[in-house]
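Please give me a short briefing on this protein model.

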Amino acid sequence: MKNDWNKSQYGFETRAIHAGQEPDPTTGAIMTPVYLTSTFVQESPGRHKGWEYARSQNPTRSAYEACLANLESGKHGFGFASGCAAETTALHLLKAGDHVIASDDMYGGTFRLMDKVIKHNGIEFSYVDLTDVENFRKAIKPNTKMVWIETPTNPTMKLVDIRKAAAIAKEKGILSIVDNTFMSPYFQRPLELGADIVLHSTTKYVGGHSDVVGGALIVNDDDLAARIYFLQKSMGAICAPFDAYLSMRSLKTLALRMRQHDINGRKVAEYLEKHPKVARVAYPGLPSHPQHALAKEQAHGFGGMMTIYLKGGIDEARRLLENVRIFALAESLGGVESLIEHPAIMTHASIPPEARKALGIDDTMVRLSVGVENVEDLIRDLENALSKV
Ligand code: P1T
């Protein structure tokens, strides 16, 4: 697939709409068709138009993968059935006896995959507070092969210095992977900061409309890309053509959506920070965030994700969560609609209670995914729900 929409010539918004998406050569259709086919006819054994079997390649998926790779400043993109499928595939770059250093604070499902599934393949994990990259350096062992970074972390909104961590990884010959789900390529591009692999749960901001579950990996290195492609077709956890179509359609408005998530996120965070029933707001865009300077340095915006700590306990949290109307009480994030949830009971229930306690994922913690509705309506919704607390 021709993909000459390079960054030196075209801005993000233009590339989001055109990269990977030449008009259909057969019909001239401006939108990439959804190729609902499992296989492709061959003229003679091994002689074909570049497409053989749809687990290996599908034109809709290839267009989407090229667009996403372009936006992440990468050369190769890979679409998967979910964020967890992308994670599973990336973790199969390793073999028994290898050691992974992962953030001690990340999405509960990622921890569960490492601790309850991949660990049994003989891969060793250390969970380390990567907010100080020296902890990463200290945790390196002779068999360390990968560092797994999520930044901002889900749900405590801590940051990891991607540039510093990637530099240490490079020096030691360790693969660095960054889960960029919370920022999207519009606000943060880990490959530009030296990381080897970018991961997304495209279910979130990339998909953006809470109607598709997906995941992606993006890399620059050709050899690494060949290894991931081999795993993608061998393991088969691929992104389906219609899901690729939906996600690619969503990429066209990613910039618009992210700018509004950011505007709304900042206003909601400022409002909540002043509220007498709120003990603390963790949002990297607030000057009170301990890593605000790093957020400004490595990202181009702050987005719509934040975590708040209420004064009181579980009853106060329940009252807020039961009394919102526009914010929907639901897991997930990154859609145009605002969501709110309780990490300790919902998204991070698979983190052991002691670990949750150490990270501050307690009963008073509530996570917000601020959507792109009218921000005054969102603030009124929170005002009303907080008045019942
Ligand atoms: O749900 P899935 O598409 O498989 O993606 C997993 C995943 C990976 N990485 C991050 C940072 C995530 O937040 C997620 C999924 N998270 C939620 C469902 C959530 O509500 O936090």
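C67 is buried, with a relative accessible area of 0%. Buried means under 20% relative accessible area, exposed means over 50%, and partly exposed lies in between (1.4 Å probe, protein chains only). The model is predicted: local features need pLDDT of at least 70, side-chain atom pairs count only at pLDDT 80 or more, and totals for chains, interfaces and linings use all residues. Residues are numbered from 1 along each chain as its sequence is written, and side-chain values use heavy atoms, with hydrogens and water left out.

- C67 is in no disulfide. A disulfide is a pair of cysteine sulfur atoms within 2.5 Å.
- The nearest cysteine sulfur to that of C67 belongs to C239, 13 Å away.
- Across the whole structure, a search finds 0 disulfides.

**Domains**

- The domain assignment of the protein chain gives domain 1 (12-251) and domain 2 (255-387). Such bounds come from an automatic or database domain assignment.
- The C-alpha centres of domain 1 and domain 2 lie 26 Å apart.
- Their contact takes 41 residues from domain 1 and 40 residues from domain 2. Contact means heavy atoms within 4.5 Å.

**Nonpolar cores**

- A nonpolar core is a set of buried Ala, Val, Leu, Ile, Met, Phe, Trp, Tyr and Cys residues joined through side-chain atoms within 4.5 Å.
- The largest nonpolar core has 32 residues. Those with the most contacts inside this core are F12, Y64, L68, Y186, I218, L251 and L254.
- At least two residues of this core come from each of α1 (12-18), α2 (59-71), α7 (184-187), β7 (215-219), α9 (241-251) and α10. Helices (H or I, at least four residues) and strands (E, at least two) are DSSP runs, numbered from the N terminus.
- Which helix gives the largest share of this core? That is α2, with 6 residues.
- Domain 1 and domain 2 both give residues to this core, so it lies between them.
- Leaving aside neighbours within four places in sequence, I218 is in contact with several residues, including L68, A69, L191, I197 and V198.
- A second, separate core has 31 residues, among them A269, L378, L382 and V389.

**The five-stranded sheet**

- An open sheet is formed by 5 strands in the order β8-β9-β12-β11-β10, with mixed pairing. Two strands pair if DSSP finds at least two bridges between them.
- The edge strands are β8 (278-282) and β10 (328-329), and each pairs on one side only.
- Helix α10 (residues 254-274) packs on this sheet, touching β8, β9 (305-310) and β12 (365-369).
- The direction of α10 makes about 10° with that of β9. Axes are lines fitted to C-alpha atoms, for helices over the stretch in contact, and angles run from 0 to 180 degrees between N-to-C directions.
- β10 and β11 (residues 339-341) run parallel and are joined by 2 bridges.
- A328 has L339, in β11, as its bridge partner.
- Strands of a sheet pair through backbone hydrogen bonds, either parallel or antiparallel.

**Strands β2 and β3**

- β2 pairs with β3 (residues 124-128) in the parallel sense, over 5 bridges.
- Y127, in β3, is the bridge partner of A102.

- T151 and P152 are joined by a cis peptide bond, with omega about -5°.
- A cis peptide bond also joins N154 and P155, where omega is about 15°.
- P152 sits in the loop between β4 (144-150) and α6 (162-172). P155 is found in the loop between β4 and α6.
- M157 is in the loop between β4 and α6 as well. M157 is not a glycine, yet its phi is positive, about 65°.
- Is M157 buried or exposed? M157 is buried, with a relative accessible area of 1%.
- S73 has a phi near 60°, a positive value in a residue other than glycine.
- S73 lies in the loop between α2 and β1 (76-80). S73 is buried too, with a relative accessible area of 19%.
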